[in-house]
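Let's take a friendly walk through a protein structure. Keep the model open beside the text and look for each part as it comes up.

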Amino acid sequence: MNILVVGGAGYIGSHCVRQLMAAGHRPVVLDNLVYGHRAALPPGVAFHEADLGDEAAVGRVLAAEKIDLVMHFGAFCYVGESVTDPLKYYFNNSVAALHLLRAMLAGGVKKFVFSSTCATYGVPAKLPITEDLPQAPINPYGQTKLDVENALKALALAHGLSFAAFRYFNAAGASEDGSIGEDHDPETHLIPLAIDAATGRRPSLQLFGTDYPTPDGTCLRDYVHVDDLSRAHIAVFPKLEKPGAQLFYNLGTGRPSSNREVIRAVEKITGKKVPVIEAPRRPGDPPALYADSTKAQRELGWKIKFPDIESIVATAWKWHQQHPHGYADRGC
């Protein structure tokens, strides 16, 4: 199929582009390059620089490229920033996504794969998290994702839109060959921050909270490899053939790692010490978040290739070794 990958020059989107090509599909990328990198895209991939909320531009791309299905990776994803600048998140994550969906419907494209988040659950009622738990976001980032999920349900009923919403846990790692990886500005994710501290690119790593009710006092999180995420998105395509399909899946390994365990994994893989400064808890950080992904494994045949934190860190380290200063076009 011809797949429009919105946000395809970003971290997860660029990995999905390569997985689509490996599966025999033709990806077409639409990205405004606010956070994305042209250098993350393979040579020859069709690229359109535009905003997902520009209905006219999106409509032209849908028609010209004969798009069969749209994948959405174009959200802003900094939880803290969503609290201090909520309008930025509501306009991009919710409003612009609605413009994209209206352009799709106008162009007769009715298959959609949505990058959602475990942040829609807020503080979960139980662990591991299953798809039927109540959704009660505690920050604007999670709320804007839930807003789109709710809109998708309404559009499925009103217009026969078929969609899958994947609720991610902690996306991590890099491509196995080290060609593409995680290059955010600013960087907020633990694994690249720990690698930067180990290699001296930053003086130390701040460890937020050491008194949680967990085995070692630090937060527990579910790290899932970015290529494993991408393969799940592709595995769902056959289920979108049914008009009005509404599908929701958690994507995580179900094996949480504590912050200290991640730091130890980075030290083991890199052979370098991670200098750590212990800091108070951050507001709104739950002690533990991890997934029950049984549904995705059962219904999609999804298999996790990178089940443990060390295998994930090893791919991230390979990327950092090959790109010690990130992408060549950093800053675009």
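## The seven-stranded sheet

Start with an open sheet of seven strands, in the order β3-β2-β1-β4-β5-β6-β11, with parallel pairing. Here β3 (46–49) and β11 stand at the edges with a single partner strand each, so one side of each has no neighbour in the sheet. From one strand to the next, the twist averages 20 degrees. Helix α7 (residues 226–235) packs on this sheet and touches β4 (69–72), β5 (111–117), β6 and β11, while its direction makes about 160 degrees with that of β6. Two strands pair if DSSP finds at least two bridges between them, and contact means heavy atoms within 4.5 Å. Helices (H or I, at least four residues) and strands (E, at least two) are DSSP runs, numbered from the N terminus.

A word on what you are viewing: this is a predicted model, in which local features need pLDDT of at least 70, side-chain atom pairs count only at pLDDT 80 or more, and totals for chains, interfaces and linings use all residues. Residues are numbered from 1 along each chain as its sequence is written, and side-chain values use heavy atoms, with hydrogens and water left out.

Strand β6 (residues 162–168) runs parallel to β11, and six bridges join them. Find F166, whose bridge partner in β11 is Y249, and then R167, which stands opposite N250 in β11.

Is strand β11 (residues 246–251) largely enclosed or left open? Five of its six residues are buried, so β11 is largely enclosed by the rest of the structure. Buried means under 20% relative accessible area (1.4 Å probe, protein chains only).

## A three-stranded sheet

Another open sheet has three strands in the order β12-β9-β14, with mixed pairing. Its edges are β12 (257–258) and β14 (288–289), each with a single partner strand, so one side of each is left without a neighbour in the sheet. Strand β9 (residues 220–221) and β14 run parallel and are joined by two bridges. L220 stands opposite A288 in β14.

## Helix α6 and its surroundings

Now turn to α6, where nine of the 10 residues are buried, so the helix is largely enclosed by the rest of the structure. The buried residues include L190, L193, D196 and A197. What do the buried residues of α6 pack against? They pack against β7 (170–172), β8 (205–208), β10 (223–225), α8 and α10. Just after α6, G200 takes a positive phi of about 85 degrees.

## How α6 meets two helices

Two packed helices are described by the angle between their axes and the distance between the axes. Axes are lines fitted to C-alpha atoms, for helices over the stretch in contact, and angles run from 0 to 180 degrees between N-to-C directions. Helix α6 (residues 190–199) packs with helix α10 (residues 309–322) at about 60 degrees, their axes 10 Å apart. That makes α6 oblique to α10 (angles under 35 degrees count as roughly parallel, over 145 as roughly antiparallel, 65 to 115 as roughly perpendicular and the rest as oblique). In this contact, I191, P192, I195, D196 and T199 of α6 meet I309, I312, V313, A316, W317 and H320 of α10.

With helix α8 (residues 259–270), α6 packs at an angle of about 50 degrees, the axes 10 Å apart. This angle makes α6 oblique to α8 as well. L190, I191, A194, I195 and A198 of α6 meet N259, V262, V266 and T270 of α8.

Technical notes
Buried means under 20% relative accessible area, exposed over 50%, partly exposed in between (1.4 Å probe, protein chains only).
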